[in-house]
Amino acid sequence: MASTRLFEPRELLYPSNMLTIARLLLIPPTFRYLRQPERRREALACLGLAMLTDAIDGPLARARGEVSPLGELLDPVADKILINGTAIILSKTRDFPWWITGLLLFRDLGIIAAALVVIKRRSQITVAASTGKLTTALLTAAALLYVADGPRSGKPALYVAMVPFLLSFVQYGKRFLAVMRNEGE
């Protein structure tokens, strides 16, 4: 009988998935420090460390042959929570543009909704698009600059990040439509 589980428990022990879980565990202290202007160094350290785990986990999983359904699910969820939560907090505390925070939330909610449809209909987890990964890296850089120096350094980096962000929006939409069209075949 075939397994109907989305992931196998042993996947929790993969080093790449442990890094993703560590990123999830770093979210609460990161958000707490981001809300406290006097704790800027701690916020930078937590956010930087959390996003460093994101840079390492994927290549590590591929190098070890441990790309797993758990990692494919947890990694983008951790990224979305961290990036969107950071954007919301920075919009409240560091003049991060609310309209960009709104676009981030809109895109990511759309990606999550589309992924849930694909999982439900196809029992398949879709992986991040290349422009999505670049967007995450550039948004991380912009967020770190906002924390360190505010809009003076953060805003130019944020506008650069908007280019792959908009491309990723289109890329994810096309991929979703292609997956759904292939369902009927």
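User: Why is Thr 136 called buried?

Analyst: Buried means under 20% relative accessible area, exposed over 50% and partly exposed in between, with a 1.4 Å probe and protein chains only. Thr 136 has a relative accessible area of 13%, so Thr 136 counts as buried. This is a predicted model, in which local features need pLDDT of at least 70 and side-chain atom pairs count only at pLDDT 80 or more, while totals for chains, interfaces and linings use all residues. Side-chain values use heavy atoms, without hydrogens and water, and residues are numbered from 1 along each chain as its sequence is written.

User: With which residues is Thr 136 in contact, leaving aside its neighbours within four places in sequence?

Analyst: Contact means heavy atoms within 4.5 Å. On that basis, Thr 136 is in contact with Met 51, Asp 54, Asp 79 and Ile 83.

User: How do you know that the span of helix H5 agrees with its number of residues?

Analyst: The expected span is 1.5 Å times one less than the number of residues. The 20 residues of H5 (residues 130-149) should therefore span 28 Å, and the end C-alpha atoms are 28 Å apart, which agrees.

User: What makes H2 roughly antiparallel to H5?

Analyst: The axes of H2 (residues 40-64) and H5 come within 9 Å and cross at roughly 165°. Because angles over 145 degrees count as roughly antiparallel, under 35 as roughly parallel, 65 to 115 as roughly perpendicular and the rest as oblique, H2 is roughly antiparallel to H5. Among the residues making this contact are Met 51 and Asp 54 of H2 and Thr 136 of H5.

Methods: Helix = DSSP H or I, 4+ residues; strand = E, 2+ residues; numbered from the N terminus. Axes fitted to C-alpha atoms, helices over the stretch in contact; angles between N-to-C directions.
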